[in-house]
Amino acid sequence: TPKHEVHMNLLTVEDVASSLKVGKSAVWELSRSDPTFPKPIKLSDRITRWLESGLEDWVLRHKQGEVQ
């Protein structure tokens, strides 16, 4: 049986802010106020990450006008 590798790239708030061209506080506000925005993954009390694939999907939907 072939092995299926799953690559899950995790992004920091800085990475997310940079890719969306917004500030870090805007990323936190989106994650609080927009139910369509990908939920962050809390790895510890001080470490939070976002799945790159989830962010890419959100951006695509947003560009296609599915997200208001």
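Before we start, one definition: a helix axis here is a line fitted to the C-alpha atoms over the stretch in contact, and the angle between two axes runs from 0 to 180 degrees between their N-to-C directions. Keep that in mind, please, and keep in mind too that this is a predicted model.

Let me begin with the overall layout. The protein chain contains three helices and three strands. Of the 68 residues in the protein chain, 24% are buried. And if we take the contacts with a separation of 6 or more, 42% of them involve residues 24 or more positions apart.

Helix H1 covers residues 13-20, and its buried residues are Val13, Val16, Ala17 and Leu20. They sit on the same side of H1, because the arc they cover around the axis is only 100 degrees. So what do the buried residues of H1 pack against? Their partners are strand E1 (10-11), helix H2 (24-33), strand E3 (47-51) and helix H3 (52-63).

The largest nonpolar core is made of 10 residues, namely Leu11, Val13, Val16, Ala17, Leu20, Val27, Phe37, Trp50, Leu55 and Trp58. At least two of this core's residues come from H1, and at least two from H3. The biggest contributor is H1, which gives four residues.

Let's zoom in on one of those, valine 16. This residue lies in helix H1, and it counts as buried because its relative accessibility is 0%. Which residues does valine 16 touch, leaving aside its neighbours within four places in sequence? The answer is Leu11, Val27, Phe37, Trp50 and Leu55. If you'd like a distance to check on screen, valine 16 and alanine 26 are 10 residues apart in sequence, with 10.0 Å between their C-alpha atoms.

Here is where our opening definition comes in. Two packed helices are described by the angle between their axes and the distance between the axes. For H1 and H2, the axes come within 8 Å and cross at roughly 95 degrees. Angles of 65 to 115 degrees count as roughly perpendicular, so that is how H1 lies relative to H2. On the H1 side, the contact is made by Val13, Glu14, Val16, Ala17 and Leu20; on the H2 side, by Lys24, Val27, Trp28 and Leu30. Sorted by class, the contact of H1 with H2 has seven nonpolar residues, two charged ones and no polar ones.

What about the stretch that links these two helices? Lysine 21 follows H1 and belongs to the loop between H1 and H2. Its phi is positive, about 60 degrees, although the residue is not a glycine. Is lysine 21 buried or exposed? With 74% relative accessibility, lysine 21 counts as exposed.

One last stop, away from the helices. Threonine 48 is part of strand E3. The cut-off for buried is under 20% relative accessible area, so threonine 48, at 15%, counts as buried. Its contacts, again leaving aside neighbours within four places in sequence, are Leu11, Thr12, Trp28, Pro40, Ile41 and Lys42.

How values were computed
Residues numbered from 1 in each chain as written. Predicted model: local features only at pLDDT ≥ 70, side-chain atom pairs only at ≥ 80, totals over all residues. Heavy atoms only, no water. Buried < 20%, exposed > 50% of the residue type's maximum accessible area, 1.4 Å probe, protein only. Arc of directions from axis to C-beta. Contact = heavy atoms within 4.5 Å. Core = buried A, V, L, I, M, F, W, Y, C linked by side-chain atoms within 4.5 Å. Parallel < 35°, antiparallel > 145°, perpendicular 65-115°, else oblique. Nonpolar A, V, L, I, M, F, W, Y, C, P; charged D, E, K, R; others polar.
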